[in-house]
Amino acid sequence: MLSKRKLIVYIDVKYPLHFCIDTLLHEYGHAISWRHVSMDAYIPDHSDEWGVCFARIYRDFVDEGGDKESGNY
Ligand SMILES: [Zn+2]
């Protein structure tokens with residue numbers, strides 16, 4: 001049984017919108033590629049699996065018009 005599996009991303013809105021969005025998509029890629037049972041076993045990395053997840057998330061973001069909706073992205 002898995003215990004709590006939670007990833008919280010804090011983004012400081014003092015940064016430009018495009019930076020905040022990039023950070024959120026990047027961290028979301030980590031969450032999607034997260035296959036570890038607990039945070040104790042989790043070492044953030046940019047593995048091939050993360051790269052594929054990030055690419056898919058980014059493509060969906062653009063394909064759905066997120067880049068246009070966010071204005072100055
Ligand atoms: Zn990362």
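**Group meeting: a zinc site and its surroundings**

L7 is found in the segment before α1. The model is predicted, so local features need pLDDT of at least 70 and side-chain atom pairs count only at pLDDT 80 or more, while totals for chains, interfaces and linings use all residues. Residues are numbered from 1 along each chain as its sequence is written, and side-chain values use heavy atoms, with hydrogens and water left out.

Let me stay with L7. At 33% relative accessibility, L7 is partly exposed. Buried means under 20% relative accessible area, exposed over 50%, and partly exposed in between, with a 1.4 Å probe and protein chains only. Together with V9, I11 and L24, L7 forms a nonpolar patch on the surface, with about 270 Å² of accessible area. A patch takes residues with over 30% relative accessible area and no salt bridge; nonpolar side chains (Val, Leu, Ile, Met, Phe, Trp, Tyr) are joined within 5 Å, like charges within 9 Å. Areas come from the Shrake-Rupley method with a 1.4 Å probe, and for residues only the protein chains shown count as cover.

Next, the metal. Which residues coordinate the zinc ion? They are H26, H30 and H46, each through NE2, at 2.0 to 2.1 Å. Donors are N, O and S atoms within 2.8 Å of the metal (3.2 Å for Na, K and Ca); water is not among the atoms, so sites may look incomplete. The spacing of the donor residues in sequence is H-x3-H-x15-H. Both H26 and H30 sit in helix α1, residues 17-32, and are 4 residues apart, about one turn of the helix. H30 is buried, at 5% relative accessible area.

Now the salt bridge. The whole structure has 1, where the term means a side-chain nitrogen of Lys or Arg within 4 Å of a carboxyl oxygen of Asp or Glu. K14 pairs with D12, and their closest N and O atoms are 3.9 Å apart. K14 is exposed at 62%, whereas D12 is partly exposed at 37%.

What about cysteines? C20 is buried at 12%, and C53 is buried at 10%. The search of the whole structure finds 0 disulfides, a disulfide being a pair of cysteine sulfur atoms within 2.5 Å.

Last, the chain overall. It has 3 helices and 0 strands, and 21% of its 73 residues count as buried.

How values were computed
Helix = DSSP H or I, 4+ residues; strand = E, 2+ residues; numbered from the N terminus.
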